[in-house]
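This report goes through the side-chain contacts of one protein model. The sequence and structure come first, then the notes.

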Amino acid sequence: MVTAGPSTNSVTTPLRYGRALGYGVRLLACDGTEDGRIVEELGDAATADHIAVLVPGNDNYLGNYFNQKRATRPRANAQTLLETMGEVAPGERVAVVVWVGYRTPRGFGEAVSRRPALEGARDLVRLTRFLPSSARVTLVGHSYGTVVCGLALGQGRVSDCVALGSPGMGARSRQELGFSGNLWAALGPSDWIRFFPRGHVGEIGHGPSPMRRGYGARVFETGDISGHCSYYRQGSESVRNIARIVLGRYEEVTPVVVPAPRRPLGEYTGEVVVS
């Protein structure tokens, strides 16, 4: 367990990106304060052709970042994704950046506000421009992290964005995101986030789910993962699909297949692929 020092600023200061060693890992940024922001590099982003930037949701910060008792901690998810990318495309130059680069909301009460995401999105944009311009950068947001991603897309240097278990992306429509790249979304079969309120008033609420028909996201299969925090489960169709997207292997991504609407007896009924 890491104990961060007290914050010296009431306003979150911009992160300073650069490569350094700290806490026994390779860091791109770390503020060491109670705000607990940390950005870790797995693999070599400086030489990678494909970079995934993982943006987690609530209750992640420097103080619990290295806690090995948290099975769904972001750095464990990143390691699983990195290994899966290596399995999908052996020999490819890949890296994963774990971006806990904003003050994540603490609990549901703070999670309904877009303020933490608005403040964090600026630093996320700066990270995408710090990473090598020769690499394909994919933002992979989970839960509240998808809000941060959504607000950064309009100015970030991003090829793909993956929204996992999203409460909304901080915009009323795909057009509001201002993003011309590929937008992907997934929702596990038992993820409770589907019941999250979808309002959008001032800085409260995050807008419609990117899973909604007509939003413009390509929806992919997660397999039999359970709950809200299993999208990176080792061996799952979910993490394999995330790896395929990061690697640009779009034709290998398995789409969600849903039953076609009922038709009068005697008419053809088949399946509809949501993409």
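## Salt bridges

A salt bridge here is a side-chain nitrogen of Lys or Arg within 4 Å of a carboxyl oxygen of Asp or Glu. Arg19, Arg26, Glu41 and Asp44 are linked by such bridges into a network. The model is predicted, and a search of the whole structure gives 16 salt bridges. Side chains of opposite charge can pair when their charged atoms come close.

One of the bridges joins arginine 75 to glutamate 40, with the closest N and O atoms 2.8 Å apart. Arginine 75 belongs to helix H2 and glutamate 40 to strand S3 (residues 38-43), so this bridge ties together parts that are 35 residues apart in sequence. Arginine 75 is partly exposed, at 23% relative accessibility. Glutamate 40 is buried, at 3%.

## Two further bridges

Aspartate 123 and arginine 126 form a salt bridge with an N to O distance of 2.5 Å. These two residues are 3 residues apart in helix H4, which means about one helical turn separates them. Aspartate 123 has a relative accessible area of 6% and is buried, whereas arginine 126, with 36%, is partly exposed.

Arginine 103 and glutamate 110 also meet through their side chains in a salt bridge, at 3.1 Å from N to O. Arginine 103 is partly exposed, at 32% relative accessibility. Glutamate 110 is partly exposed as well, at 30%.

The whole structure holds 7 aromatic pairs. One of them is made by tyrosine 23 and phenylalanine 66: the pair is tilted, with 5.7 Å from centre to centre and 40 degrees between the planes. Tyrosine 23 sits in the loop between strand S1 (20-22) and strand S2 (25-30), while phenylalanine 66 sits in the loop between helix H1 (62-65) and helix H2 (74-88), so the pair ties together parts that are 43 residues apart in sequence.

Tyrosine 23 is partly exposed, at 43% relative accessibility, and phenylalanine 66 is buried, with a relative accessible area of 16%. Both residues belong to one aromatic cluster together with Tyr65. Elsewhere in the model, arginine 218 lies over the face of tyrosine 250, at 5.9 Å from the ring centre.

In soluble globular proteins, nonpolar side chains tend to be buried together. The largest nonpolar core in this model has 41 residues, and the members that touch the most others are Ile51, Val53, Trp99, Leu124, Leu127 and Leu131. Two or more residues come from each of S2, strand S4 (50-55), strand S5 (94-100), helix H4 (115-130), strand S6 (136-142), helix H5 (145-152), strand S7 (160-164) and strand S8 (182-186). H4 gives the largest share of this core, 5 residues.

Which residues does valine 53 contact, leaving aside its neighbours within four places in sequence? Valine 53 is in contact with Val97, Trp99, Leu124, Leu127, Leu131, Val137, Thr138, Leu139 and Val140. Another core, of 35 residues, lies apart from the largest one, and its members include Leu42, Ala52, Leu82 and Ile245.

Technical notes. Residues are numbered from 1 along each chain as its sequence is written. This is a predicted model: local features need pLDDT of at least 70, side-chain atom pairs count only at pLDDT 80 or more; totals for chains, interfaces and linings use all residues. Side-chain values use heavy atoms; hydrogens and water are left out. Rings of Phe, Tyr and Trp (its six-membered ring) pair if their centres lie within 6.5 Å; planes under 30 degrees apart count as stacked, over 60 as edge-to-face and the rest as tilted. Helices (H or I, at least four residues) and strands (E, at least two) are DSSP runs, numbered from the N terminus. Buried means under 20% relative accessible area, exposed over 50%, partly exposed in between (1.4 Å probe, protein chains only). A charge sits over a ring if NZ of Lys or CZ of Arg is within 6 Å of the ring centre and within 35 degrees of the ring normal. A nonpolar core is a set of buried Ala, Val, Leu, Ile, Met, Phe, Trp, Tyr and Cys residues joined through side-chain atoms within 4.5 Å. Contact means heavy atoms within 4.5 Å.
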